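Dear colleague,

Please find the structure below, handed over for your records. My notes on what was found in it follow directly after.

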Amino acid sequence: MNSLVLAVIGIAMVLTGYALYSKHLATRVYKLSPTAPTPAHEMADGVDYVPTNKYVLWGHHFTSVAGAAPIVGPAIAVIWGWLPAFLWVTIGTVFFAGMHDLGALWASVRNRGQSIGTLSGRYIGARGRNLFLVVVFLLLLMVNAAFAVVISGLLVSTPTSVIPVWGAIVVALLVGQAIYRGRLNLPAVSVIGVLALYGLILVGDRVPVVLPDSVLGLSPAAFWVLVLFLYAGVASLLPVWMLLQPRDYINGLQLFIGLGILYAAVAIASPSIVAPAVNTAVPEGTPSIVPLLFVTIACGAISGFHGMVSSGTSSKQLDRETDARFVGYFGAVGEGMLALGAIIAATAGYRTLADWEAVYSAFGQGGVAAFVEGGSTIVNTGLGIPPSLSATILATMAVLFAATTMDTGVRLQRFVVQEVADLVGRRVGKGVATLVVLVVGMGLAFGAGADGSGGMLIWPLFGTTNQLLAGLTLSIVAVILMRKRRPVLPVLVPLVFVLVMSVFAAVVQVGTFYSTGNWLLLGLDLVIIVAALWVVVEAGVAMSRARTGPVETDEDDRRVPAADTTER
Amino acid sequence: MTVGRAPGRLRAVAAGLREFYVAPYRRTFARARRDEDDLFMVVVLADALGVPNPVAAHTLELLPAVYDRFHDWHRRMGMERSPLDSMSCC
């Protein structure tokens, strides 16, 4: 199969989904109205509630939701062959992710911009809110460990990326200074920043940094995990304008450049896919495709994290309600295309099937390293960039995505720790809270595997939790639709599917962790199963109440109290 | 005509980029600013709150500057009513 054909089919599928299905959702299900006042106008405050041009808002939304996860997940999941991953990403984007992201955005806009956390309180009940906190805590816990391991893996497998990855921090610091102290022109600074980053990539390509076999008694991978957590701790404590803000910004630009490079290369090189469509000879120890495929690829097919972005920030900036279709649904389309690019890179970038099988020698092998290796071959053939330089570009891109998520993840979890401490009547300072986050994160990364490889074992578990959050969001959307007596099947079918698959996957993983004696992850998995069943019960109760309850009109939405802006 | 439109479009791109840079952190900055303003409020009201203030004569002059925000401040600090007899706002 030619990868260009696959790319064209995939893009055609998601674009058709946008043209037809999102229109159906917008007019029949969510009934977006161009005249309904949006929170951005009704509650305009120049801070959270700011009416924003829909293209700019889409840019934010897309760069906030897309990151390393839609690369890592598909790159692991192609071990079952490219066809299952392709179908789950495309069908998932059209019927799951797009519907979910648009639904979360709509639900929040109709409730004065409230977040999913607050909405779960209103539509599911007081316990709903606690449940939401539990799921978010688990999600943040795992994302830090998983991404630290992804980054350290790439730094070891692509030593040429070490200089650009750490140099990017210096570039971001300088951009921050240029903007806030120098007050320089932003477009000029952006161009210089991106050029500086690519300059560093060129330097890194000449000067690979390979660590000795033992650094301070640690393996190189373990050493990088340690350094990454220390860095993330410091980064999360710095004022945001210094590092996080310019870093997010440069990475946002980099996302568009990277996607452009990848698709341009695929279009020109149009390599053949060497991996089998359905891999009948999976390596020993690979779990069954059902249900694991559906949790291994979370971002790119459906991800609960998107609901947090949709309801947390995007909904407060929506200029007109009808813009939600473009911002929410097309945001998911963008991420689906990133996931599709990852599938192609990890399956078409090898010369022979044997080469490919050598990389995907076990479940969890391959992954993002295969994306870099395969992708670099494609970029080399397509654009004529030397293979090593192409690999450096792609590895740097993947690391930067994962690193920004980690920076933010550590910061957000610090707030969660402080809030939990508040609940038990203790006041915890920034430093102590950050320390707690770092210790827990590193404990998870090292505890699940002595060399810091625990993160990859966590990956399917992370996907499961992400799906759980999506299930919670979809339950809220379903309850709202039922109260309004609107068609609910477009939400209900994906909801049931996602919840069944996450519970199923969590149960399967209990067996895996038990047989390998991984007690830490086993414990975590059991907590997730409890949370999952809790979501199922609460959602069921809320829905049966909604079906028999009084009909809710748009007028009732207007009387919702103002959004709680005390949360961070 | 295209010459006239080009700078306009460039400006629009620059404005879009600026929004792209600033918007995600607007809330963080507003909060940081508010925290700083709250600290300033405590300094200005130190004497009235029972904290000895060696420069009370000077901070007294700043009272009008913070008065407008006083109501929001004491509510944010969890006090329904003004904690000070000398300042009644609600």
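Predicted model: local features only at pLDDT ≥ 70, side-chain atom pairs only at ≥ 80, totals over all residues.

Setting aside neighbours within four places in sequence, A:Ile343 is in contact with A:Pro74, A:Val78, A:Trp82, A:Ala85, A:Phe86 and A:Val89; two residues are taken to be in contact if their C-beta atoms, placed from the backbone, lie within 7 Å. A:Ile343 belongs to helix α14 (residues 323–348) of chain A. Helices (H or I, at least four residues) and strands (E, at least two) are DSSP runs, numbered from the N terminus. A:Ile343 is buried, having 32 other C-beta atoms within 10 Å. Here a residue is buried if 20 or more other C-beta atoms lie within 10 Å of its own, exposed if 12 or fewer, and partly exposed in between, with C-beta atoms placed from the backbone. Between the C-alpha atoms of A:Ile343 and A:Val47, which are 296 residues apart along the chain, the separation is 39 Å.

Residues are numbered from 1 along each chain as its sequence is written, and chains are lettered from A and ligands numbered from 1 in the order in which they are written.

Helix packing in chain A

The axes of helix α17 (residues 387–423) and helix α18 (residues 430–447) of chain A come within 9 Å and cross at roughly 110 degrees. Axes are lines fitted to C-alpha atoms, for helices over the stretch in contact, and angles run from 0 to 180 degrees between N-to-C directions. α17(A) and α18(A) are therefore roughly perpendicular to each other; angles under 35 degrees count as roughly parallel, over 145 as roughly antiparallel, 65 to 115 as roughly perpendicular and the rest as oblique. The crossing of α17(A) and α18(A) is right-handed, where a crossing is left-handed if the near helix is turned anticlockwise from the far one by less than a right angle, and right-handed if clockwise. On the α17(A) side, the contact is made by A:Val410, A:Gln413, A:Arg414, A:Val417 and A:Gln418; α18(A) contributes A:Lys430, A:Ala433, A:Thr434, A:Val436 and A:Val437. By class, the contact of α17(A) with α18(A) has five nonpolar, three polar and two charged residues. For these classes, Ala, Val, Leu, Ile, Met, Phe, Trp, Tyr, Cys and Pro count as nonpolar, Asp, Glu, Lys and Arg as charged, and the others, Gly among them, as polar.

Helix α8 (residues 162–180) of chain A also packs with α17(A): their axes come within 9 Å and cross at roughly 45 degrees. α8(A) and α17(A) are therefore oblique to each other, and their crossing is right-handed. The contact is formed by A:Pro164, A:Val165 and A:Ala168 of α8(A) with A:Thr392, A:Thr396, A:Val399 and A:Leu400 of α17(A). The residues of the contact of α8(A) with α17(A) comprise five nonpolar, two polar and no charged.

Helix α13 (residues 304–312) of chain A is mostly covered, with nine of its nine residues buried. Among them are A:Phe305, A:His306, A:Met308 and A:Val309.

Backbone geometry

Most residues other than glycine have a negative phi, and most peptide bonds are trans. The peptide bond from A:Val290 to A:Pro291 is cis, with omega near 10 degrees, and A:Pro291 is found in helix α12 (residues 289–296) of chain A.

A:Arg112, although not a glycine, has a positive phi of about 50 degrees. A:Arg112 sits in the loop between α5 (82–109) and α6 (116–123) of chain A and is buried, with 21 other C-beta atoms within 10 Å. A:Arg485 has a positive phi near 60 degrees and is placed in the loop between α19 (454–483) and α20 (489–516) of chain A. With 11 C-beta neighbours inside 10 Å, A:Arg485 counts as exposed.

Chain B

Chain B has three helices and zero strands. Of its 90 residues, 10% count as buried. The C-alpha trace of chain B spans about 65 × 30 × 20 Å along its principal axes.

In chain B, 15 residues are in contact with 16 residues of chain A. The largest share of that side of chain B, eight residues, comes from α1(B).
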